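Please look over the sequence and the model shown here before reading on.

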Amino acid sequence: MKLLTAERIRLLVPSMSLAVLLVAVFWLQPRTMSYTGLNLLFNLAVPIALATVAQMLIMMVNDLDLSMGTFVSFVACVTATWVQTDPLIGFAILAACIGVYALIGALIYLRNLPSIVVTLGMSFVWGGLAVLLLPAPGGVAPDWIRAIMTVKPPFAPMAIVASIGIALVAHWLVMRSSLGVVLRGVGGNERTVERAGWSVLRARATAYALAGFFAVLAGMCLVGLTTSADANIALRYTLLSIAGVILGGGEFVGGRVSPIGAVIGALTLTLAASLLSFLKISPDWQIGAQGAILIIVLAVRLLLNRSEARGTGQ
Amino acid sequence: MKHSLVLGSLVLALMSGSAMADTSGKKIALSNNYAGNSWRQAMLQSWDKVTKPAVESGVVAAADAFTTAENQATEQAAQIQNLILQGYDAIVINAASPTAINGAVKEACDAGIIVVSFDGIVTEPCAWRIAVDFAGMGKSEIDYLKEALPNGGKLLEIRGLAGVFVDDEISKGIHAGVAENPQFEIVGSVHGDWAQDVAQKAVAGILPSLPADIVAVVTQGGDGYGAAQAFAAAGRPTPTIIMGNRQDELAWWKEQKDANGYKTMSVSIAPGVSTLAFWVAQQILDGKEVPKDLIVPFLRIDQETLEANLASTPVGGVANVEYSQEDAIKVIEGK
């Protein structure tokens, strides 16, 4: 077996950047090197990781979801209101949301629409629904979600266990299951998949539905952490999730994605913000510094890819 | 962790070599969600101005200000969790959302950290709240007019930004005041969005449809100067316009006062409320019994105090006041 497969090289850069950042954070703030410390450092990365996996599933079929942030916000509002008071209706709404995602996927394929335009439009729909549901911030997280998100497993904190779990499930789904192969095939070469007798329509709808499912999980986890919702709670997730996928070794086209990388990318983004905060960098510079970290990681990846290409060319 | 804290305070106490408050080893952080307008800038400057001497004189060990870059609740929640990890003893918060950072606030409380929220308050019960009584502020305008215009009359109301909680509250207070004083009647209402240019356009638009005998304009701040301009442009006599502590409003008032003895009052919240929150946090760290809900006093400017306030307000800024430890103790004791 080859030690350095393309998949592993793809994972190398994100893992190394996470490790470097983690060492820097530990060095700056030794308090983080504890059970509670790691949990505080990473627990808000769990919903981001789920949203990143959702975004990755969309990017896998060469689309982009610009409604991720507003959708997760809407789910958070539903979770803090309906799921808490009338679980049956609440879950029905969430299931319907996943259905809507599948429909969007089908519509984009059937009408040959640009996904960016459709999802941008949907972002206003989700945002509007969230404001209708919770005109003022409020709602209460259902006790059981709160209990799940604050659980204290032995050995490793919830944030770490959850991140590893999400990475493994997503990895199995995308890289190991036959469904994942077809979905990646749609991103890689749609026509080939179609000629092989698979329904591209069904594949795309499935990819979107799966993305909707992970985004719903993200919203629910987020409410479990924050204890209540706000119609604008997760607006950052749109860009964070895209950045997480790219940082984790994914690409915008070609069905080239890495589920484990996406989770690592989400953790890295969260950690980068903490590092800047521990360094006491002025907020005016923080966005710029975050961008700089992104650029450095991507530059390193580009260099590695080049050397890899040169290696195989010989 | 505890040991290093105790050691730290011991070292500090030895270094200064004198008796000091019990909080000399304590670190306080400000978690601020937004810095993009003049009020917030003044708020941060006030924090700096008051906390620097407090740190230098050893009242507290540190008082660092942190502002999130994107004014997002999830970002602020992460920031608060980082502050917990940095070992602060108290976190003073101006929150992006009253509810969406409750989880992080709870984490802080569970870690034994004192959390004091102000202006943008949080609903998590373990935190202290220094709230602004916006309804009371609206009502105080009618209370002033009751004295100034005993005969009552018709009022024009300028509201703030539609759909924002603050606008609703101030307006509610104004209407409650009018309900109690039937000699007044609100004959028109426009949204001025707390901005002079918007208020001027809105008032100019509604003026032709209003009766000539408007006696006063009730406002929410940032809109009084625009209203005055609209009345002047329409060739109408200037009614009593309540001002909102902005420099341009105060300057216009001063000009009118010197020219024709114009009388009004001005009321708003001082950005220096951040320093009140700082002292409240310090008092709690010091072991004082402090009620969970405190009310910020308004900063009110009257005919007599106009000149002094105008002189101390920078052009384009907001009249401000910084609070001292004694002021905070007074607020805590409800005086």
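B:P297 is partly exposed, with a relative accessible area of 32%, where buried means under 20% relative accessible area, exposed over 50%, and partly exposed in between (1.4 Å probe, protein chains only). The structure is a predicted model, in which local features need pLDDT of at least 70 and side-chain atom pairs count only at pLDDT 80 or more, while totals for chains, interfaces and linings use all residues. Residues are numbered from 1 along each chain as its sequence is written, chains are lettered from A and ligands numbered from 1 in the order in which they are written, and side-chain values use heavy atoms, with hydrogens and water left out.

The proline B:P297 sits in the loop between β11 and β12 (299–301) of chain B; helices (H or I, at least four residues) and strands (E, at least two) are DSSP runs, numbered from the N terminus. Apart from its neighbours within four places in sequence, B:P297 is in contact with B:L276, B:Y323 and B:V331, contact meaning heavy atoms within 4.5 Å. B:I91, by comparison, is 206 residues from B:P297 in sequence, and the two C-alpha atoms are 22 Å apart in space.

Chain B as a whole is divided into domain 1 (2–132 + 270–299 + 320–332) and domain 2 (134–268), with bounds that come from an automatic or database domain assignment. Taken over C-alpha atoms, the centres of domain 1 of chain B and domain 2 of chain B are separated by 35 Å. Four residues from domain 1 of chain B and seven residues from domain 2 of chain B take part in the contact. Between them, domain 1 of chain B and domain 2 of chain B bury about 510 Å², 58% of it on carbon and sulfur atoms; buried area here is the accessible area (1.4 Å probe) that two parts lose on being put together, summed over both. On the side of domain 1 of chain B, the residues B:V132, B:F298 and B:L299 supply 85% of the area buried against domain 2 of chain B, more than any other three residues.

What kinds of polar pairing cross this domain interface? Between domain 1 of chain B and domain 2 of chain B there are three residue pairs in polar contact (both at pLDDT 80 or more), a polar contact being a pair of N or O atoms within 3.5 Å, of which, within protein, one must be able to donate a hydrogen and the other to accept it, and residues adjacent in sequence count only if both atoms are side-chain atoms.

Over all chains, a search of the whole structure finds 20 salt bridges. In one of them B:D293 pairs with B:R129, the closest N and O atoms being 2.9 Å apart. Because B:D293 lies in strand β11 (residues 293–296) of chain B and B:R129 in strand β5 (residues 128–132) of chain B, the pair ties together parts that are 164 residues apart in sequence. B:R129 is buried, at a relative accessible area of 10%.

Another salt bridge joins the side chains of B:D258 and B:K254 (2.7 Å, N to O). These two residues are four residues apart in helix α9 (residues 247–260) of chain B, so B:D258 and B:K254 are separated by about one helical turn. B:D258 is exposed, with a relative accessible area of 54%. A further salt bridge links B:K288 with B:D286, with 3.8 Å between the closest N and O atoms; B:K288 is partly exposed at 41% relative accessibility, and B:D286 is partly exposed at a relative accessible area of 22%. Salt bridges that share partners also join B:K254, B:K257, B:D258 and B:E307 into one network.

The contact between the two chains takes 27 residues from chain B and 31 residues from chain A. Chain B and chain A bury about 2500 Å² between them, 56% of it on carbon and sulfur atoms, and B:T74, B:L85 and B:Q86 supply 25% of the area that chain B buries against chain A, more than any other three residues. One salt bridge is counted between chain B and chain A, and the side chains of A:K280 and B:D64 meet in a salt bridge (3.4 Å, N to O). Across the interface of chain B and chain A the rule also finds 11 residue pairs in polar contact (both at pLDDT 80 or more).

How values were computed. Salt bridge = Lys/Arg side-chain N within 4 Å of Asp/Glu carboxyl O.
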